[in-house]
Amino acid sequence: MTRTVFCRKLQEQLPGLAQPPFPGPKGEDIFNNISQQAWDSWLAHQTMLINEKRLNMIDMAARTYLGEQREKFLSGDA
């Protein structure tokens, strides 16, 4: 049986992630409050941001920027 969550981004009950996307409190928050559909949308958006802005993922500023964008996107602000 698929685990469901009330998705904060899409505002409906949907299948959730199989596991947290990364360790720690932010990963747990995403696991508990974001659907697989919203997470897949974020991954596509993240790829677009990395490519269009030519982000270097070794650079801490780029990773911080993506983290901020992820929070905006998943909260429904973007």
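A charge sits over a ring if NZ of Lys or CZ of Arg is within 6 Å of the ring centre and within 35 degrees of the ring normal. The legends below describe close-up views of a predicted model.

**View A. Lys9 over the face of Phe73.** Lys9 is placed over the face of the Phe73 ring, at 4.1 Å from the ring centre. Phe73 itself has 10% relative accessibility and therefore counts as buried.

**View B. Arg3 over the ring of Phe31.** Here the charged end of Arg3 sits over the Phe31 ring, 3.7 Å from its centre.

**View C. The aromatic pair of Trp42 and Phe73.** Two aromatic pairs are found when the whole structure is searched.

**View D. The surroundings of Trp42.** Trp42 has 1% relative accessibility, so this residue counts as buried. When neighbours within four places in sequence are set aside, Trp42 is in contact with Leu49, Leu66, Gln69, Arg70, Phe73 and Leu74.

**View E. The largest nonpolar core.** This core has 15 residues, and those with the most contacts inside it are Leu17, Ile30, Ile34, Trp39, Trp42, Leu66 and Leu74. At least two residues of the core come from each of the helices α1 (25-33), α2 (36-52) and α3 (60-75).

Notes
Residues numbered from 1 in each chain as written. Predicted model: local features only at pLDDT ≥ 70, side-chain atom pairs only at ≥ 80, totals over all residues. Heavy atoms only, no water. Core = buried A, V, L, I, M, F, W, Y, C linked by side-chain atoms within 4.5 Å. Buried < 20%, exposed > 50% of the residue type's maximum accessible area, 1.4 Å probe, protein only. Helix = DSSP H or I, 4+ residues; strand = E, 2+ residues; numbered from the N terminus. Contact = heavy atoms within 4.5 Å. Phe/Tyr/Trp six-rings, centres within 6.5 Å; stacked < 30°, edge-to-face > 60°.
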